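Hello,

Here is the structure we talked about. Please open it first, then read my notes below.

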Amino acid sequence: MSKTAFNDDELLRYSRHILLPQIDVDGQLALANASVLIVGLGGLGAPAAQYLAAAGVGKLVLADHDHVELSNLQRQVIHHQQTIGLLKVESAARAIQLLNSHVEVQQIPHVLEEPELSELVASVDVVLDCTDNFLTRKAINQACVQHKKPLVSGAAIRLEGQITTFDFRNPESPCYACLYDVTGGEGETCAQSGVLSPLVGVIGAIQAVEAIKLIAGFGEPLTGRIQLYDAFQGKWRELKLKRDSHCAVCASR
Ligand SMILES: [Zn+2]
């Protein structure tokens, strides 16, 4: 059943959003009635989940099979010393409930594979790829193309981050496979190469910004554009992304 009005507590909680003409009560209701799948509750998923919970997204579906480790706490700010050893989805769900008990949290504490991945993607409004694994990224992209769901893709390693949105409701949108050769291997991970702590916060927070824009329906999404952040130089660059008409994943859609 969709929400059609807020009580006084909620109006106060979300007042700084409602003051924005781009959001107002209608946009805030759209957030309250929305669901977002966040795959990966690590460095990117942590801030994205926190901001989407604080912002009042009605339902967050959290998928991660890992447990919280001491080496995560340098950057995965949704987890705490007290939740070391817990599943990341459980640790994140606890933090979200402390922050905003209006948010419904669904926990997926195992590797997300087909057909469950497709079922979940079909059931939500926006998908956030917050993983660091090439094969998972490829699978998420495929499911989002299939179900025409917007996908906000973030990545960060060492001192470099990147962010883009693939909006498959728009026939001109490229997909992840147009951008990368999806026949490739595993790619580098932060566990091997290291990553600057707040860099993942920068990229994860922008993933939340993009999700809110898509749900509330304002602004220019990052569709067809990829932004690259170089923390060392303190520089942002933007590249245009074109759909590959021969793409193995999205060409026939
Ligand atoms: Zn493609």
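**The zinc site**

The four donor atoms around the zinc ion subtend angles of 96 to 122°, so the arrangement is tetrahedral. For that label, all angles must lie between 85 and 135 degrees. The ideal angle for four tetrahedral donors is 109.5 degrees. Bear in mind that this is a predicted model.

Which residues hold the zinc ion? The donors are the SG atoms of Cys175, Cys178, Cys247 and Cys250. They coordinate the zinc ion at 2.2 to 2.3 Å. Along the chain, their spacing reads C-x2-C-x68-C-x2-C.

Are cysteine 247 and cysteine 250 buried or exposed? Buried means under 20% relative accessible area. Cysteine 247 has 5% relative accessibility, so it counts as buried. Cysteine 250 is at 0%, so it is buried too.

How many disulfides does the structure hold? The count is zero. Take cysteine 130, which is in no disulfide. Its nearest cysteine sulfur belongs to cysteine 144 and is 12 Å away. A disulfide needs a pair of cysteine sulfur atoms within 2.5 Å. Cysteine 130 is also buried, because its relative accessible area is 7%.

**Alanine 48**

Alanine 48 sits in helix α4, which covers residues 45-55. Its relative accessibility is 0%, so alanine 48 counts as buried. What does alanine 48 touch, leaving out residues up to four places away in sequence? Its contacts are Ile38, Leu128, Gly204 and Ala208. Alanine 48 and isoleucine 203 are 155 residues apart along the chain, and their C-alpha atoms are separated by 8.7 Å.

Best wishes

Terms used: Residues are numbered from 1 along each chain as its sequence is written. This is a predicted model: local features need pLDDT of at least 70, side-chain atom pairs count only at pLDDT 80 or more; totals for chains, interfaces and linings use all residues. Side-chain values use heavy atoms; hydrogens and water are left out. Donors are N, O and S atoms within 2.8 Å of the metal (3.2 Å for Na, K and Ca); water is not among the atoms, so sites may look incomplete. Four donors count as tetrahedral if all angles lie between 85 and 135 degrees; four count as square planar and six as octahedral if opposite donors are over 155 degrees apart and all others between 65 and 115; anything else is irregular. Buried means under 20% relative accessible area, exposed over 50%, partly exposed in between (1.4 Å probe, protein chains only). Helices (H or I, at least four residues) and strands (E, at least two) are DSSP runs, numbered from the N terminus. Contact means heavy atoms within 4.5 Å.
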